[in-house]
Amino acid sequence: MRRYPRHDYLEMSEALQHFFVTTIQVDCDDSKYPFRVKDLLDEEKRNLILREQAMQQGLQLGGKGSVAVGTLFAKRYSVFVMSVISAFSLYDTILSIADDDVRFELNGAGGMRYETRLKSSFLEGGDPVQRRSESGLLKKRMLLHLEPVLRAVAVSTGASDKVMWSLVAHNVQQLYERMINDQSIWKTDQRLEQIKEDQSIWLDEQNENAFTFAFELHRFDHPKWQGPPFLIRRYCCLAYQVGSGSHAHAYCNSCPKLDSESRLRKLLQQ
């Protein structure tokens, strides 16, 4: 593993914390985060975590709103998936996704903060064949990582694992759209080409798993929308079921339940 120039490592660490609430821990044994991903594969521990998450969201596990606990878990956990992708596509770094290394805590509002360790990194401008291989292997490992976790949460909440996968896939695809269409992110032509190549690998439908990140999604199309490409989810995440009264959660900007004019208004208000 190469030793990072200090400014590169700090830039990556700050970016992952700021955009994806993900911390890189040098020694996960010193972690203050209470849960490991492997806890989600244990029924008793999983139900305790999901019940606490449901309470924070004003929902009830095993009752009304239980399905929303599952769909919102998938949407929240996709933030960690995006941190792994960003570390690789922007900083040539592989974060560990081992069940023992990935830890998380609930933030008090039903969301999650994440922590993992640095697995390996390689020099920018290195062997392109090796880089393609590493990107493909990371994608396969992520699929294998996600399948049992989402399946277990689906069993406990009654949520559809297909819907949960689609929510993760939406955020993965939207992330690549954002990276490719913002020059301040990719900065150099070489980095842009690397991001595009990673995108083609991660969104390739050919894989050995039952699920994929390549769900077909529609782009928002409106004559008054001049912003970057914006993808619409295939399924609602049910966030609107969270809270009540003045604290109720409205439809998300990317929700398929929104009509075109309502979506435009929400996007322009961002």
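## Strand β5 and its partners

L106 stands opposite M112 of strand β5. This pair belongs to the contact between strand β4, residues 103-106, and β5, which run antiparallel and are joined by four bridges. The model described here is a predicted one. In the hairpin that β4 and β5 form, five residues lie between the strands, and among the residues of this hairpin G108 adopts a positive phi near 95 degrees.

β5 is also paired with strand β1, residues 22-24, in this case in the parallel sense and through three bridges. Within that pairing, T22 has Y114 of β5 as its bridge partner. Strand β5 covers residues 112-116, and four of its five residues are buried, so the strand is largely enclosed by the rest of the structure.

## The sheet and the helices upon it

The sheet is open and consists of four strands in the order β1-β5-β4-β2, with mixed pairing.

## Packing of helix α4

In general, the packing of two helices is described by the angle between their axes and by the distance between those axes. Helix α4, residues 128-157, packs with helix α7, residues 189-202, at an angle of about 40 degrees, and their axes are 10 Å apart. The two helices, α4 and α7, are therefore oblique to each other. The crossing of α4 with α7 is right-handed. On the α4 side the contact involves R131, R132, S135, G136, L138, K139 and M142, which meet R191, Q194, E197, D198, I201 and W202 of α7.

Helix α2, residues 43-56, also crosses α4, at roughly 70 degrees, and the axes come within 10 Å. The arrangement of α2 is thus roughly perpendicular to α4. This crossing of α2 and α4 is likewise described as right-handed. Here R46, N47 and L50 of α2 meet A152, V153, S156 and T157 of α4.

## Loop residues

Q60 is located in the loop between α2 and α3. With a relative accessible area of 49%, Q60 is partly exposed. Leaving aside residues up to four places away in sequence, Q60 touches A54, G65 and S66. The C-alpha atoms of Q60 and W202 are separated by 35 Å, and the two residues are 142 residues apart along the chain.

V21 occupies the loop between α1 (6-20) and β1. Its phi is near 40 degrees, a positive value in a residue other than glycine. V21 has a relative accessible area of 33% and is partly exposed. K187, in the loop between α6 (183-186) and α7, is another residue other than glycine with a positive phi, near 65 degrees. K187 is exposed, its relative accessible area being 53%.

## Cysteines

When a disulfide is taken to require two cysteine sulfur atoms within 2.5 Å, the count for this model comes to zero. C252 is in no disulfide; its nearest cysteine sulfur, that of C237, is 3.8 Å away. C252 has a relative accessibility of 14% and therefore counts as buried.

For C255, the closest cysteine sulfur is that of C236, at 3.8 Å, which is too far for a bond. C255 counts as buried because its relative accessibility is 3%.

Conventions: Residues numbered from 1 in each chain as written. Predicted model: local features only at pLDDT ≥ 70, side-chain atom pairs only at ≥ 80, totals over all residues. Heavy atoms only, no water. Buried < 20%, exposed > 50% of the residue type's maximum accessible area, 1.4 Å probe, protein only. Pairing = 2+ DSSP bridges. Axes fitted to C-alpha atoms, helices over the stretch in contact; angles between N-to-C directions. Parallel < 35°, antiparallel > 145°, perpendicular 65-115°, else oblique. Left-handed = near helix turned anticlockwise from the far one by under 90°. Contact = heavy atoms within 4.5 Å.
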